Structures are given as C-alpha cells and as structure tokens.
Amino acid sequence: MFSKVKPFIMLSLGLVTALLVGTVSPATAAAPVTLTIETFGDVIEPSALIDYKKLHPEITIKTKVSSMDALSGNLITYYQSHKGPDIAAIETSYSGLWRSHPEAFVDLSKAPYNANTIKKNYAAWRWSQGTGDGGQVIGIPTDIGGLEVAYRIDLFKKAGLPTDPKKVAALWPTWDKFVATGQKYLKAPAIAKSPKSYKGFIDSGGTIFNAVLNQGTEKMYNPTTKKPDYKNAQVKRAFLTASSALTAPITTKRKGIGARYQAYTGDWYIGMKNGAYATMLAPAWQLEYIKRYAPTTKNLWNIAAVPGGGGNIGGSQLTIPKYAQHKQQAWDFISWYLSPHEELKIFRTYGLFPATDVLFNSSKHCVGTRSPGFTKALTAADCAAVRNYKDTFFGPKGSGGAPVGAIYANGAASLNSIFEGRKERGITQYFNSALGRIENGQAVGKAYSQAVAEITKSKP
Amino acid sequence: MSTTDVGSTLPSAKPQKGRHSSKPIVKLKSTGGKKKPSKIQRREGRWAYTFISPFYIMFLIFGMAPILYSVYIAFFTWDPLDATHQYVGLQNFRDLWHDSLFWMSLRNTFSIWILSTLPQMLMALGLASILRNPKLRGRVFWQTVLLVPNITSAIAIAVVFGQLFGRDFGLINIVRGYLGMSQINWIEGTISSHIAIATMITWRWVGYNALIFLASMNAISRDLYESASLDGANRLQQFFYVTLPQLKNTITFMLVVGTIGGLQVFGEPATLGGSFDGGDNHQFSTLTLYLFKQVKDNFAYGMASAIGIAITIIVAIISAFNFFLTRRISGDES
C-alpha cells in the first residue's frame with residue numbers, strides 16, 4: 001500500500017517545489033499570462049493567434065465568440081459588476097453607445113499606451129468611431145466595411161442588362177435609378193417568365209435604408225447638440241428611398257424590387273446560391289460570406305460602385321475594458337494585431353479590408369512604416385498590395401478576378417465620420433421594423449409615424 | 001444479498017428512532033402544556049435548521065435579493081450605465097398600464113400558450129397510451145427518444161424550425177407548393193407566427209409530458225381495468241372512464257406548471273424573429289420578450305422591472321385560480 005502512495009507524494013512534493021521555485025525565481029522569462037478576448041464574427045482571425053503564440057509563447061489567448069448584440073449587452077453587465085475580459089470587440093453600430101461612456105474603458109491615449117502615436121496609420125473617420133466624447137481613445141479600429149454592390153453577372157445577362165462593372169455602375173448613379181433598374185430587371189421577359197415567386201432584384205429593399213443613412217451627414221442624433229433627432233430630414237429621406245424600393249410597382253400583383261429576405265436567415269443563404277436575388281449591398285466583409293456560403297457561384301458575382309457614392313457598413317474596434325486584468329499584455333496584442341503589417345496579412349488571407357489606410361491612401365506615407373513584432377519595414381510592394389489586390393472568386397471567368405482592392409480603397413478614401421449617439425442601434429431598429437411592415441402592405445406614411453411614435457415612447 | 005442487508009438494518013434502526021422521539025412526547029403530555037419543548041427537541045430543531053439552511057441561504061442570496069432589488073429598481077428611471085438614477089415613483093407602472101405594446105404582448109403570450117398547451121396535452125395523452133400498450137416493442141427506446149427534444153439545445157431547434165418555416169425554401173411551404181396550396185408567410189402573420197412558435201414549444205415538451213402521463217397511468221391499479229373489462233368496457237371506454245378520471249390531478253398539475261412556463265415563453269419567439277421585437281409589427285412579441293427589449297434596446301431597467309413585477313402578478317393570479325380549480329377537483333373525488 002505504501003508503495004502506491006509514495007510516488008504520488010513525491011510527485012506532489014515535486015510539483016509544489018516547482019511551483020514555489022517558479023513563483024520566487026526572478027523573472028528571466030515573462031510570466032505566463034492568459035488573455036481573454038470577447039469578440040463576434042470574424043473580428044479575431046484564428047491564424048493570427050497562432051502567429052502571436054510564436055511571437056509571445058508566454059501568452060495564451062482565449063477567445064469567446066458571440067453575436068455583436070449579445071457582446072455589447074455583456075459589456076454592460078461586466079462594467080456594472082467590475083469585471084471584464086482583457087479585450088472586447090465593439091461593432092460600429094454600438095460605437096455611439098460606448099463613445100458616450102468612455103469611463104467603461106481604458107483610455108488608450110494615455111501612457112503607457114500612447115495610442116495617438118499610431119493614429120496616423122488609420123483612416124481618420126474610422127479612428128473617430130473609437131474616441132470618447134471627451135477625446136479619450138477607447139478602441140482601435142479593425143476593418144472597414146466600405147459599401148459597394150455585388151451583382152450576379154449571369155442574371156444581369158439574362159435580363160439584358162450590361163455586365164461590365166463600369167457600365168453597371170453607370171446604370172445607377174442615384175438610388176432612384178437603382179430602383180428603376182430593379183423594375184426593369186424584374187420586368188425583363190427572361191426573368192419575369194421564370195415561375196419562381198421568390199425572385200428579386202436585391203435581397204432586401206430595407207437594406208437600402210442603412211446605406212442611404214450612412215451616405216449622409218446626420219443619423220439618429222444631432223451632431224452638434226448630441227441629442228436624439230430621429231425626425232430629421234436625412235433620416236426621412238433614407239426612409240422614403242428605401243420605401244420606394246419596397247413599393248415600386250412591378251406587375252399588377254407584385255410590388256417592390258426586393259426578394260424580401262432578411263440577411264443571415266436560412267432563405268437568404270439559399271437564395272444567394274440559387275439566384276433568388278441579383279444584387280446585394282456588399283461591404284468588404286460580405287464577400288467572405290458569399291465565398292463561404294455560395295461557393296458554387298464562383299465567377300458569377302461581380303462588384304460595382306454603390307449608388308449615391310460611397311458609404312460604410314460595419315467594422316469594429318478592439319477595446320480594453322476598464323476592469324481588464326492584463327491591460328499591458330492586451331495592448332501589446334492589439335497594437336500588433338491591428339498594425340499595418342498584420343492588417344495587410346489578414347486582408348490577404350481573409351479579405352477583411354484594413355482600417356489602416358496608410359496601406360492604400362495615396363496621401364499617406366506608407367513605405368518604411370514599422371510595426372511592433374515585425375522586423376522589416378513595409379516595402380513598396382507591400383504598400384501596393386491592397387490597391388492591386390484582385391479576387392478570382394469575383395468577376396467573370398478568365399478575367400483574372402475583380403479588382404476588389406482598388407474598388408474598396410477608392411470607396412473608403414472619400415468617407416467622413418457621422419456622429420452616432422447612445423441609442424443609435426435601438427432607434428434604427430424601429431425604422432427597420434417599419435420598413436418590414438411596409439413590405440407587408442402597411443402604408444408608408446403610417447409606418448413612418450408609427451416608428452416615430454414608438455421611438456418617442458421609448459424615451460431615447 | 002443487498003436486499004436482505006437493508007432489511008436487517010431497518011428493524012434495528014426503528015426502535016432507536018422511536019426511543020428518541022417518543023420520550024419528549026410523553027414528557028409533553030405529562031406536563032400538560034404544548035409549549036416548552038424539551039432541550040433535546042430544541043437541539044434537534046436547531047439541527048434541522050442547520051441542515052435546511054444551505055438552500056435558504058442560497059435562495060436568499062441568489063433568489064430573493066435580486067427579486068427585491070428589481071422591485072426597488074422598478075421605481076426609478078434606471079439606466080445601467082448612468083451613475084445616478086432618478087426616482088419616479090409609480091410612473092413606470094402608469095406608463096405600462098397605458099402601453100399598448102404591453103397589452104399586445106400579453107395577448108400574444110396567452111394566444112401562444114393556448115395554442116401550445118391544448119395540442120400538447122392531447123398528444124402527450126395519446127403518446128402515453130401508445131407507450132403503455134404491452135404489445136409495443138422496444139418500449140424503453142421509445143421512452144428515451146421522447147426526451148430527446150427536451151434536451152436539444154434551443155439554438156439547434158431554432159435552426160431546424162427556421163428551415164421548416166422559411167417562406168420560400170421552408171419545407172412546409174415546399175410541400176404546400178407541391179399540393180397546390182399557397183405559401184404561408186409564417187413569421188409575418190399574427191396567427192401563423194403564433195402557430196409556428198406553439199409548434200416549437202409543443203415539439204419540445206410533448207415527450208416530457210407524455211412521460212409524466214405514462215408514470216401516473218402506470219400507477220393506476222390494474223383492478224380498475226379488470227373490473228371495467230368485466231363490465232364489458234372496450235379499450236376506448238376504458239380510456240375515457242378509467243384512465244382519464246384517474247389522471248385528473250396529473251393534468252391539473254401539468255396545467256399549473258405549464259402556465260408558469262407558458263407565460264415566460266421567450267427562447268422560441270426570440271430565435272424565430274432574431275430580435276427582441278417579436279416581428280416587425282410586434283405580432284409575436286411576448287411579455288418576457290418585451291421585458292428584454294426594454295433592457296437590451298432601450299436600457300430601461302426600471303420599466304423592465306415593472307414588466308417583471310406585472311408578470312409575477314399575472315402568474316400569481318392564474319396560479320391562485322388553478323389552485324382553487326385543483327381544490328374543487330380533488331374535492332369532487334372524496
């Protein structure tokens with residue numbers, strides 16, 4: 001019996017001494033640290049974590065991936081209970097909320113982080129989405145959504161529309177023209193005679209609302225008074241534009257150019273594959289969805305400029321919550337992961353369009369830029385990589401791929417920041433619901449006034 | 001072996017127990033008073049409190065304290081990220097009383113509850129009767145299968161039912177299309193969305209309920225059936241005149257438990273719509289969904305607490321009603 005116990009005692013003694021020695025001995029190697037990251041979607045790319053492990057073997061990174069809405073809700077709970085992950089991702093639709101509560105985060109503009117020294121690498125309008133109302137820096141931007149239109153070459157051809165991206169973009173300089181093109185497409189004999197009832201020109205007419213909003217200068221809040229101002233003319237215009245897409249007459253029985261799919265639902269994924277809709281609004285990160293969920297449509301999609309000129313949907317910031325345990329290590333990771341070098345790598349691997357516009361903005365000085373963790377400075381080839389990037393999944397077969405790098409770079413360079421308030425997302429949601437009601441037959445005026453009444457009642 | 005072991009220890013344990021408990025009773029009688037329990041008894045009482053205390057301490061910390069706190073919050077305009085909160089008295093309750101969305105959510109909740117409870121009870125009864133059939137092969141297997149929906153993750157259920165109820169590519173509408181029927185826009189209609197949600201709930205709970213029915217059916221004495229069949233009752237008559245009356249208490253129990261669960265229906269409508277709105281026109285917004293909307297989209301914790309209290313009151317009223325109903329029914333029996 002003793003012989004059985006002895007090795008166990010020896011082992012535990014050994015372990016204890018090892019632990020003691022480990023804690024007492026001077027820090028020759030950095031102490032092992034586990035960093036926790038709460039994120040959503042594709043914000044943290046797994047291959048980058050493997051690279052970081054090589055660079056910092058002492059850091060173990062644990063990621064918890066949830067949805068962007070759940071994550072923002074969790075952050076409220078964490079802040080109240082004086083806890084928090086080391087790093088949290090915030091989607092831009094919540095940036096309005098968190099920018100008005102910079103006290104919930106580490107102010108990265110202060111020492112030892114001094115985030116303002118790397119500010120020059122990032123697109124100014126994206127950077128401002130991570131700054132608090134008092135000038136604090138609460139988050140560093142990850143990627144840029146940008147906004148273009150993805151369209152189906154085969155279906156356009158079938159409907160007798162041009163298929164070249166430039167000519168396609170010329171079809172719709174404005175949203176009104178876009179709706180008119182949609183009507184033309186659905187009335188085209190080859191499309192109209194198809195027996196399926198589900199076809200549409202765009203996946204959902206309601207998405208136009210968000211796109212038009214993001215092309216303006218004012219959303220749900222007044223940028224100067226910073227108070228809710230959801231009755232303003234720009235919101236109304238965006239609402240009416242989207243409504244016109246939803247109510248545009250096609251046949252005696254049918255109105256609206258949309259296929260009436262809510263994004264990321266089952267029907268939407270299937271429709272993407274089998275041509276239920278010919279266009280969709282495509283921020284850069286959407287391209288990855290098309291590749292992943294509709295691999296059979298290779299060389300059937302192409303990218304054209306969005307009506308109304310530019311815009312952005314999505315993107316996020318990486319933040320360090322106030323009650324994070326390992327702030328310095330978290331900052332080390334963020335400043336590496338979101339550095340121009342790593343952003344370029346992520347772009348090449350996953351197509352997430354970098355927020356570090358030093359990589360593609362010709363007015364910035366790119367060659368020679370250095371990033372922590374990378375020995376070489378950016379070369380001229382690196383600096384041309386984004387603009388020259390072509391994606392062979394998109395564009396017709398044999399064309400060498402669509403020049404998505406140049407398309408999104410041009411779109412992102414011309415953008416301004418739009419002030420977003422605290423309940424931006426909640427308020428926008430009421431208008432989205434109203435557009436859904438219009439799709440189901442409610443009158444436009446009634447839907448709008450119901451939305452405004454519901455928002456007012458919610459006391460934003 | 002083991003059964004005899006248990007048998008042999010039991011008799012020896014009995015007198016011991018008797019010796020402890022009988023003594024004080026005698027003493028009590030001799031003194032003639034009901035008060036003043038003996039020292040031993042008091043000590044035993046104290047031990048009893050010690051033994052039951054873990055539950056009550058945990059309940060006080062994790063159950064009662066949050067409840068009381070949320071009652072407190074209901075009297076404030078309580079934004080979670082604000083440093084100070086404004087006391088508003090009963091304003092939240094007044095707002096709620098005049099809030100058409102609240103009443104709509106209440107109606108929806110009841111509609112979904114009725115649509116899910118009635119078919120669920122009938123189907124569970126039917127399933128239980130089938131499972132009771134002695135000719136059925138592999139009974140344990142079927143019983144186990146019945147519980148599978150209950151332990152399936154809510155997200156998986158939402159994905160599968162999302163495929164079933166899809167407007168264009170949903171299985172149900174595809175089948176309807178083959179049969180020449182029109183498509184149903186499940187999510188956008190009021191009643192159709194309630195049916196879709198009720199289907200999800202029914203699918204999830206029918207097996208569990210069937211097993212409870214089965215257990216209480218098995219507890220019914222065989223003699224009753226034998227005498228019924230001697231009187232010439234066929235299987236159907238046996239079911240209606242023997243089984244069903246004997247299950248009265250079980251059915252009431254399940255109605256009470258089902259009401260409490262049914263008034264808190266949340267997961268199914270939340271996943272069906274993908275938000276806390278319960279559809280674009282709130283056509284399937286339920287009470288708990290509306291509560292969550294106040295928390296997540298409006299940061300109105302005070303209002304949400306008021307809704308929570310309203311739900312509690314409604315559940316209490318219905319439970320009281322159920323309680324009297326149960327009393328009536330069990331009164332009939334005696």
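**The interface and the aromatic pairs**

Let me begin with a salt bridge: B:Glu188 pairs with A:Arg260, and their closest N and O atoms are 3.1 Å apart. Please bear in mind that this is a predicted model. In total, the rule finds 4 salt bridges across the interface of chain A and chain B, together with 13 residue pairs in polar contact.

On the side of chain A that touches chain B, helix H18 (424–439) gives the most, with 7 residues. That side divides into 10 nonpolar, 15 polar and 9 charged residues.

How much area do the two chains bury between them? The figure is about 2,500 Å², with 47% of it on carbon and sulfur atoms. Within chain A, the residues that lose the most area to chain B are A:Ile76, A:Asp267 and A:Lys457, which together make up 18% of what that side buries.

I turn now to the aromatic rings. Over all chains, a search of the whole structure finds 59 aromatic pairs. In one of them, the ring centres of B:Phe76 and B:Trp78 lie 5.6 Å apart with the planes at 90 degrees, so the pair is edge-to-face. B:Phe76 is buried, at 11% relative accessible area, and B:Trp78 is buried as well, at 10%.

B:Phe161 and B:Trp203 also form an edge-to-face pair, with 65 degrees between the planes. This pair links distant parts of the chain, 42 residues apart.

Methods:
Residues numbered from 1 in each chain as written. Chains lettered and ligands numbered in written order. Predicted model: local features only at pLDDT ≥ 70, side-chain atom pairs only at ≥ 80, totals over all residues. Heavy atoms only, no water. Buried area = accessible area lost by both parts, 1.4 Å probe. Salt bridge = Lys/Arg side-chain N within 4 Å of Asp/Glu carboxyl O. Polar contact = N/O pair within 3.5 Å; in protein donor to acceptor, adjacent residues only side chain to side chain. Helix = DSSP H or I, 4+ residues; strand = E, 2+ residues; numbered from the N terminus. Nonpolar A, V, L, I, M, F, W, Y, C, P; charged D, E, K, R; others polar. Phe/Tyr/Trp six-rings, centres within 6.5 Å; stacked < 30°, edge-to-face > 60°. Buried < 20%, exposed > 50% of the residue type's maximum accessible area, 1.4 Å probe, protein only.
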